[in-house]
Amino acid sequence: MRVDDLSLHAGGRELQHGLTFDVRAGEVLAICGASGCGKSTLLRHMIGLQTPRQGRVTWVAGGRERDVHGDDPPRREIGVAFQAGALWSSMTVGENVMLPLELHTDLGEVARERQARFKLALAGLPDAATFDAEPASLSGGMRKRAAIARALVLDPPLLCLDEPSAGLDPLTSARLDDLIQRLKTDLGTAIVLVTHELDSLFAVADRLLFLDVEAHTATALGPPAELRDHGPEAVSEFLTRGGLDRRQAA
Ligand SMILES: Nc1ncnc2c1ncn2[C@@H]1O[C@H](COP(=O)(O)OP(=O)(O)OP(=O)(O)O)[C@@H](O)[C@H]1O
Ligand SMILES: [Mg+2]
């Protein structure tokens with residue numbers, strides 16, 4: 001995916017401008033920055049849910065380029081799990097996960113169910129009862145994982161995850177990091193990961209895009225360890241919890 005000179009606006013304000021970067025095939029790209037800098041808004045633009053006033057988002061694959069906001073958007077190529085989970089409350093968890101298969105494939109019911117159960121297990125919800133449960137009866141962390149299962153169900157080449165580990169216990173969160181690693185290495189899935197979790201970031205991200213809340217633009221793009229040691233001050237502060245890690249180490 002290519003993002004070119006993109007501006008983000010919300011409520012009449014400019015959040016970010018001049019965002020230019022690629023998401024490379026099979027990489028994990030983390031998007032970081034202070035709360036309110038526009039990370040979730042950027043994701044909504046990248047998946048075509050929000051149209052930019054300025055700039056372009058292009059899906060580049062198989063020698064073809066498609067505008068994400070054009071007539072033939074790459075819908076089934078991009079899986080997304082929103083920050084709040086966003087499952088349909090009128091459907092069971094299983095129906096939620098099967099929905100993209102119903103919309104975008106010719107699979108029969110049995111195959112759809114098998115695929116959905118497999119993806120739920122992959123996302124850390126192997127319990128058969130979860131399939132028929134209502135979203136409202138799940139814990140917050142379980143809802144998040146069900147949303148990830150739904151995002152995965154079509155085996156998309158690009159997966160966008162908005163703070164997937166927020167609110168998860170450390171063990172579940174570490175399992176999620178493992179899942180991200182496996183998707184990347186086994187399936188070659190590219191993953192755009194919005195996260196504040198430094199452990200997770202250093203464990204899985206190939207590159208990090210830092211959105212500065214004051215400069216209203218991206219001030220760094222590169223491997224996390226490199227930005228921690230040699231990046232702009234705001235970025236290395238962010239990556240060392242305001243220098244706390246370094247002071248503790250000293
Ligand atoms: N639909 C909207 N109408 C008005 N303001 C909005 C809208 N959506 C987002 N905003 C504002 O835009 C800013 C950026 O929001 P966004 O959710 O993208 O931030 P974020 O970086 O994802 O933050 P967080 O880390 O807290 O999730 C916030 O100030 C928010 O209040
Ligand atoms: Mg957000």
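Two residues are in contact if their C-beta atoms, placed from the backbone, lie within 7 Å. Helices (H or I, at least four residues) and strands (E, at least two) are DSSP runs, numbered from the N terminus. With those terms ready, let's look at this predicted model, where local features need pLDDT of at least 70, side-chain atom pairs count only at pLDDT 80 or more, and totals for chains, interfaces and linings use all residues. Residues are numbered from 1 along each chain as its sequence is written, while chains are lettered from A and ligands numbered from 1 in the order in which they are written.

**Two domains**
- The protein is divided into domain 1 (2-77 + 157-249) and domain 2 (86-155), with bounds that come from an automatic or database domain assignment.
- Their C-alpha centres lie 25 Å apart, and 10 residues of domain 1 are in contact with 12 residues of domain 2.
- On the side of domain 1 that touches domain 2, strand 7 (158-162) and helix 6 (170-187) each supply at least two residues, and helix 6 gives the most, with four.
- That side has six nonpolar, two polar and two charged residues (Ala, Val, Leu, Ile, Met, Phe, Trp, Tyr, Cys and Pro count as nonpolar, Asp, Glu, Lys and Arg as charged, and the others, Gly among them, as polar).

**Helix 2 and its cover**
- Which residues of helix 2 (residues 93-104) are buried? They are Val93, Gly94, Asn96, Val97, Met98, Pro100 and Leu101; buried means that 20 or more other C-beta atoms, placed from the backbone, lie within 10 Å of a residue's own.
- Helix 3, helix 4 (128-132) and helix 5 are among what covers these buried residues.

**Helix 2 with helix 5**
- The two axes (lines fitted to C-alpha atoms over the stretch in contact, with angles from 0 to 180 degrees between N-to-C directions) come within 7 Å and cross at roughly 25°.
- Helix 2 and helix 5 are therefore roughly parallel to each other, the term for angles under 35 degrees.
- Val93, Asn96, Val97 and Pro100 of helix 2 meet Ala146, Ala149 and Arg150 of helix 5.
- Sorted by class, this contact has five nonpolar residues, one polar and one charged.

**Helix 3 with helix 5**
- The axes of helix 3 (residues 109-122) and helix 5 (residues 140-152) come within 8 Å and cross at roughly 130°.
- The contact joins Lys119, Leu120 and Leu122 of helix 3 to Ala146, Ala149 and Leu152 of helix 5.
- Five of these residues are nonpolar, none is polar and one is charged.

Definitions and conventions: Buried ≥ 20, exposed ≤ 12 C-beta atoms within 10 Å, placed from the backbone. Parallel < 35°, antiparallel > 145°, perpendicular 65-115°, else oblique.
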